Amino acid sequence: MITLESSLICTCVRAPLRARRAWPAALLLLHALAASAVDAEWPMASGDYANTRYSTLADIDTSNVGTLAEAFAFDTGVERGQEAAPIVVGGTLYLLTAWPNVLYALDLTRPGAAVKWKFEPHPAPRAQGEACCDVVTRGIAYADGTVFMVTLDGQAIAVDAATGAERWRTPLADVAHGETVTMAPLVVKDRMLVGNSGGEMGVRGWLTALDTHTGAVAWRAYSTGPDRDVLINHSRYAPFYPTDRGTDLGVATWPPEAWKRGGGGAWGFVSYDPALDLLYYGTANPGPWNPEQRAGDNKWTSGVFARRPGDGTAAWFYQWSPHDRHDYDGINEMMLLDLDWQGARREVLVHPDRNGYVYVLDRKNGEVLAADPFVTVNTSTGVDLKTGRLQYDPGKDPRAGLTIRNVCPAAPGAKDWQPSAYSPRTGLLYLPHQHLCHDAQTYTTSYIAGTPFLGVTAQMNGMAGTSRGAFTAWDPLARRARWTLPEVFPVWSGALATAGDLVFYGTLDGWFKAVDARSGKPLWQQQTGSGIIGQPMAYRGPDGREYVAIMSGVGGWAGAVSSGCLDRRDGTAALGFVGAMKDLPMPEVKTGVLHVYALP
Amino acid sequence: MRCPELACLALIVCLAGCERETRHFTADVPGPAYPGPRAQTGTVAGRAENPYARNAYAVNEGKRLFRWYNCNGCHAEGGGGMGVPLMDAEWRYGDRPVDVFTSIHDGRPDGMPAFGGRVTDDQIWRLAAYVRAIEGRVASATAPNRDDSLQEAKPETRRAGQ
């Protein structure tokens, strides 16, 4: 016990930066191949508009992955959780760190990927206290010679990809009222899409589109309030279920005025279907957490919007968790797949939700085709496919003054933001996720601008009889799991699937792993020295070889106990996550490091 | 036979009083006026003993206010989250009563909101007294007892002397 305790002691002293760069001789044989093929690039955090995180590269496969070795590493010098995906375009790798949101361009044509330029946006320090779950960012997007980023304090910035010079900057978030931005922006045509975070601070959620050339705001769609603010135009809005039809439901499904601080941010990944010309994104939890203070369905929180990128108008909406009771944000990724569904080809949207169900929706109209639990769920008994409604178990409903125990899944859900991958070769989804439950005490809270608006004290635990973390291959057609790999800690990293029939993910105790996409058999792993909560990606380097990259750097909501040096005696710390993470080791490497692997 | 009863009652009151702090039967004593941010060092600091440091009622009030003003949302029950832990012995801005008062009143740059002007100075002194109890720095007789339900860490009364 003593050794365990001492390894958990938080010194918060910054370790000297390690020289972690090395490059094998093979890397020096550069400029071998021109980097023009589309599969060479990874221009946005999710890889593609459909959010599949699938790479067509197959040089690294199940037969040779065992020899995978580090090609180079890059130490960002930034502490705290590194959730971002690096992107690669035209022989350059771009990387955004956690606060203070330093943007790096690394020249992949030079040995060890030398720094081409570095851009420091200097976000407001106070944003650090307003970000609920560590000071993370989830990445950047590239389009037309420009890198698009957003700082934690909500400034959207366009940076010249060649020089690192700032083109424009537009402040979007009101930090004094608890707004921050942590999501990875998406660029569709000449629109940059940005959504806010702050569901724990009583913000009013929005998705905003900016003109990519000027930074001017083209439209903003709120997640609560009157239809004109939500950009619902009834002549062009056609949700599948009657409960989502009606005038000003974003006001009518709340107690008076409560929608003004009702949450519903848009901090997850945005998907885009070019053929239908529709954007898809999830809305976050309603505020406050205490549901008794917001009677009603609380539209349009904890659901999914389909919107037109041109003017932002809504095409349809569906609510995963009406009147959400347990912080089940609906922001998890929407994977846009075309599946042979019960004999017919259907354009679907697949979404593993925090509430514990994998949903398959018709993405043209929002009809729920399937909703199946992928973990043990006791907060609800299922989804009624006639009405589309989640059937809550009232026994787990929070009530002021009471402590409700063993609420499963816990507040971060069966799966949080950590994005899944899909391989068209195996037809499987790969879900990084967790098995956690919480005990919650509910009380009446008041809104104070810039402070948490919660009304719940929670404390999480691992779910009895299973591991806290899991990596699951899910068959969307058979509607069941094919295999699950247990992990000690919640799997807080994203997943990557490749045409080499490999799946990559990282763990909170620092391992970067490759497993067989068909069988789940572990094939390779490497220790990075700090917990991994980033998003793995693959690219073809200017030398023609396949590379797989991941950021290490423990943190995020799950890893805040280590990155924020929280006190492990208090299980309610980090909104209750510390209760389940008391044994998370402190990282050996203090700063966020990009690790890039290749065959020798 | 009223007298023995009264005597007995007096004894109980006295014993109860002896157990804990001296009770003030007048209105609460207001805390010293806020010394101002520039007066933290030197002479004022020496004087700025928290008037509630040994007042169990005020420390308990501080605990109630700690939730009332949403401090708990950021600092949890002392273990931290959006805010830094307050249970541990590490103090970014100092642990003297005046430092704690200033942290709450003026805020701190990396995300501690300023409560001065939104909350009375008297309440800030109570909060500051409770912040010390979170770390186990007030006598166990003064510290709040354990919560009715969810409380994971040791109650404040048992943190003293750790």
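Predicted model: local features only at pLDDT ≥ 70, side-chain atom pairs only at ≥ 80, totals over all residues.
View 1. The buried residues are Ile124(B), Trp125(B), Arg126(B), Leu127(B), Ala128(B), Ala129(B), Tyr130(B), Val131(B), Arg132(B), Ala133(B) and Ile134(B). Helix 3, helix 4 and helix 5 of chain B are among the elements that cover these buried residues of helix 6. Just after helix 6 of chain B, Gly136(B) takes a positive phi of about 85°.

View 2. At the start of helix 3 of chain B, a side-chain oxygen of Asn55(B) comes to within 3.0 Å of the backbone nitrogen of Tyr57(B). Buried in helix 3 of chain B are Ala56(B), Ala58(B), Val59(B), Glu61(B), Gly62(B), Lys63(B), Leu65(B) and Phe66(B), and their cover includes helix 4 (71-75) and helix 6 (121-134) of chain B. Just after helix 3 of chain B, Asn70(B) takes a positive phi of about 65°.

**View 3. Helix 5 of chain B.** Helix 5 (residues 97-106) of chain B is mostly covered, since eight of its 10 residues are buried. These are Val98(B), Asp99(B), Val100(B), Phe101(B), Thr102(B), Ser103(B), Ile104(B) and His105(B). Just after helix 5 of chain B, the backbone at Gly107(B) has a positive phi of about 80°.

**View 4. The side of chain B that touches chain A.** In this view, 31 residues of chain B are in contact with 40 residues of chain A, and the area buried between chain B and chain A is about 2700 Å², of which carbon and sulfur atoms give 52%. Between chain B and chain A there are zero salt bridges, whereas 15 residue pairs are in polar contact, both residues being at pLDDT 80 or more. Helix 3 and helix 4 of chain B each supply at least two residues of the side of chain B that touches chain A, and helix 4 of chain B gives the most to that side, with four residues. By class, the side of chain B that touches chain A has 12 nonpolar, 12 polar and seven charged residues.

Key
Residues numbered from 1 in each chain as written. Chains lettered and ligands numbered in written order. Heavy atoms only, no water. Buried < 20%, exposed > 50% of the residue type's maximum accessible area, 1.4 Å probe, protein only. Contact = heavy atoms within 4.5 Å. Polar contact = N/O pair within 3.5 Å; in protein donor to acceptor, adjacent residues only side chain to side chain. Buried area = accessible area lost by both parts, 1.4 Å probe. Salt bridge = Lys/Arg side-chain N within 4 Å of Asp/Glu carboxyl O. Nonpolar A, V, L, I, M, F, W, Y, C, P; charged D, E, K, R; others polar.
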